Amino acid sequence: MPTAEHDAVLLDLDGVVYAGDRAVPRAPEAMARLRQEGTPVRFVTNNASRTPQQVADKLVSVGVEAAAEEVLGSPRAAAELLVDRVGVPAGGTVAVVGGTGLLRAVEEAGLRAVPVLEVQERPDAVVQGFSPDLGWRHLAAATRWVRAGVTWVASNLDLTIPTADGVAPGNGLLVHAVAEASGRRPDFVAGKPEPFLFLSAARSAGASAPLVVGDRLDTDIAGGRAAGFTTALVLTGVHGLDDALAAEPALRPDRVLLTLDDLWDSPTRERADEATAALHEAWDALDALTTSPGDASVADDRAALLQEWSARLSPGAA
Ligand SMILES: [Mg+2]
């Protein structure tokens, strides 16, 4: 267990465990150490275009042991949300806009999942997730029920998804199409930065006090905090120290890790915790002093703060 107060570790994938087709430095070693210690691990991803098995296979290919049951995607969180928050009764009908992963997740939650094009009578809810096979007819059918006032759940609102050929439109844009046509917004969203995906992952791990680890403040840290969990920003992905310092209080991580090695009580982590608290305090003081954005003297102070932080975090620091 990295720290005594946590009963599981919930990790984002891209920028935390792998980047593209390669493992993030030190991630395979840290993951192996978590396994060795018997710490429950869950991988948490908004991206529903891969099945849990495909994600697990990718993890194994970069040297990280993983099982499909440990991969928590937004379809499962959306299905649990339909039961827990929307209150769809067992066997209730859900119109599904999405792929087989979402259909299966809704069935596994004890509901009757019907592809939206086959829905004849008013369903108990509409759930919308990503599938590359969605077309205008699916969106039109979803719009009909959403306009009729049926509760509408989206798996996530990611505007783009990464593909082998580059960036492509994500579920968020397809949800927006229905939103524009219906004049409504989804009643619930399962994925990050909402808390439901993290709550679902914690439940799956049997954990009540997990540590959430991610590389983005606006999704991983925001979602982990919304779920009420302790969060750690690992500096191997999208957001850096600079971003953590500048983040509004609600997006600040409890901890900063240089790599996943820092999950364990190490001098580095203790220094990072101290530095985080001290620098946030100093940053707030600077904020209060700033009267004009871009004030040169404040910019200098900020640069000095960043330099101090870097020095304190460097492996050679005392
Ligand atoms: Mg990430």
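Predicted model: local features only at pLDDT ≥ 70, side-chain atom pairs only at ≥ 80, totals over all residues.
Buried here means under 20% relative accessible area, exposed over 50%, and partly exposed in between, with a 1.4 Å probe and protein chains only. Residues are numbered from 1 along each chain as its sequence is written, and side-chain values use heavy atoms, with hydrogens and water left out.

The magnesium ion has Asp12 (OD), Asp14 (O) and Asp215 (OD) as its protein donors, lying 2.0 to 2.2 Å away; donors are N, O and S atoms within 2.8 Å of the metal (3.2 Å for Na, K and Ca), and since water is not among the atoms, sites may look incomplete. Along the sequence, the donor residues follow the spacing D-x1-D-x200-D. Asp14 sits in the loop between E1 and strand E2 (18-19) and Asp215 in the loop between E13 and H8, so the pair ties together parts that are 201 residues apart in sequence. Helices (H or I, at least four residues) and strands (E, at least two) are DSSP runs, numbered from the N terminus.

Now for strand E13 itself (residues 211-214). Leu211 and Val213 point one way, Val212 and Gly214 the other, and all are buried. Strands count as paired if DSSP finds at least two bridges between them. Strand E1 (residues 9-11) runs parallel to E13, joined by 3 bridges, with Val9 opposite Leu211. Strand E14 (residues 230-234) also pairs with E13 in the parallel sense, over 4 bridges, and here Leu211 stands opposite Thr230.

Elsewhere, an open sheet of 5 strands has the order E7-E6-E8-E9-E12, with parallel pairing. Its edge strands, E7 (112-115) and E12 (188-189), each pair on one side only. Strand E9 (residues 151-154) pairs with E12 over 2 bridges, in the parallel sense, and Ala154 has Val189 in E12 as its bridge partner. Helix H4 (residues 100-108) packs on this sheet, touching E6 (93-97), E7 and E8 (125-128), and its direction makes about 155 degrees with that of E7. Contact means heavy atoms within 4.5 Å; axes are lines fitted to C-alpha atoms, for helices over the stretch in contact, and angles run from 0 to 180 degrees between N-to-C directions.
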